[in-house]
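I opened my notebook for a quick look at this model. Here is what I looked up, in the order I went.

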Amino acid sequence: MKSDHIQVTSINDEVYNRLKHQITHAQIAPGEKISIRQIAEAFGVSTMPVREALRKLQAEGFVHFETRSVIVRSLSQQEVKEIFAIRERLECLATEWAIGQVKPEDIEALRETLDAMDDKEVGLTDWQRMNREFHLQLYELSGSPKLIQLITNVWDMVEPYMHIYTSSVSSLQTAQTQHHEMLKLVELGELEELLDWIRSHLSYTCEVILEALPES
């Protein structure tokens, strides 16, 4: 692992943030063992802040400790289904709260994100980042930081698996069709139809991921 020394005041927080980023972006894949010593050497810190970060990540459900190792948690099919069921409830609620707050400049910002995602030259990592950005742009119009934090936490749980979703060209094409339809309904203020599309979109994403996972 290449050297990436940390030179900040809050070492514990920085180690935690970097480890969480690596896990949620599948740079450390589900099921992979984590070497505390290797992480410490790569970050240029002692093993203590790495252990503290891993304990926090364990409490959040991202890793689990075994007798002699720390392993990134793998989600079962049932757990993926549960996460998407939670996402549906939270994201539909955010949409209900957001729909009456949408301004023309919000529509334009959402459209700009979708246009960037339509670019055939965009990489999968960037598309995945913009996909999350598109959804959160809408939900943030709800004006509820607490709700957005809950949505973000749930997204993080499934984020390591989103590369499965983005690795399929057909998945991206279908997703973009759904995104554009959702934006059209946001602009029209058609809440009930928009909620139906959000449910359908989340169901489709979940199915793509489940198809790539082993049976529980």
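**Notebook: cores, a helix and a sheet**

I started at tyrosine 165, which touches Trp127, Asn131, Ser171, Leu172, Ala175, His201, Tyr204, Thr205, Val208 and Ile209, leaving out residues up to four places away in sequence; contact means heavy atoms within 4.5 Å.

A note on the source: this is a predicted model, where local features need pLDDT of at least 70, side-chain atom pairs count only at pLDDT 80 or more, and totals for chains, interfaces and linings use all residues. Residues are numbered from 1 along each chain as its sequence is written, and side-chain values use heavy atoms, with hydrogens and water left out.

Of its 46 residues, Val80, Tyr139, Ile151, Tyr165 and Ile209 touch the most other members. Helix 10 (191-212) is among the helices that each supply at least two residues, and its nine are the largest share. Apart from this core I found another, of 20 residues, including Ile28 and Phe43.

Trp127 and Tyr139 are among its buried residues.

Last, I followed the open sheet, whose three strands run in the order 1-3-2 with antiparallel pairing (strands pair if DSSP finds at least two bridges). Strands 1 (33-34) and 2 (63-65) are the edges. Valine 63 has valine 72 in strand 3 as its bridge partner.

Notes. Helices (H or I, at least four residues) and strands (E, at least two) are DSSP runs, numbered from the N terminus. Buried means under 20% relative accessible area, exposed over 50%, partly exposed in between (1.4 Å probe, protein chains only). A nonpolar core is a set of buried Ala, Val, Leu, Ile, Met, Phe, Trp, Tyr and Cys residues joined through side-chain atoms within 4.5 Å.
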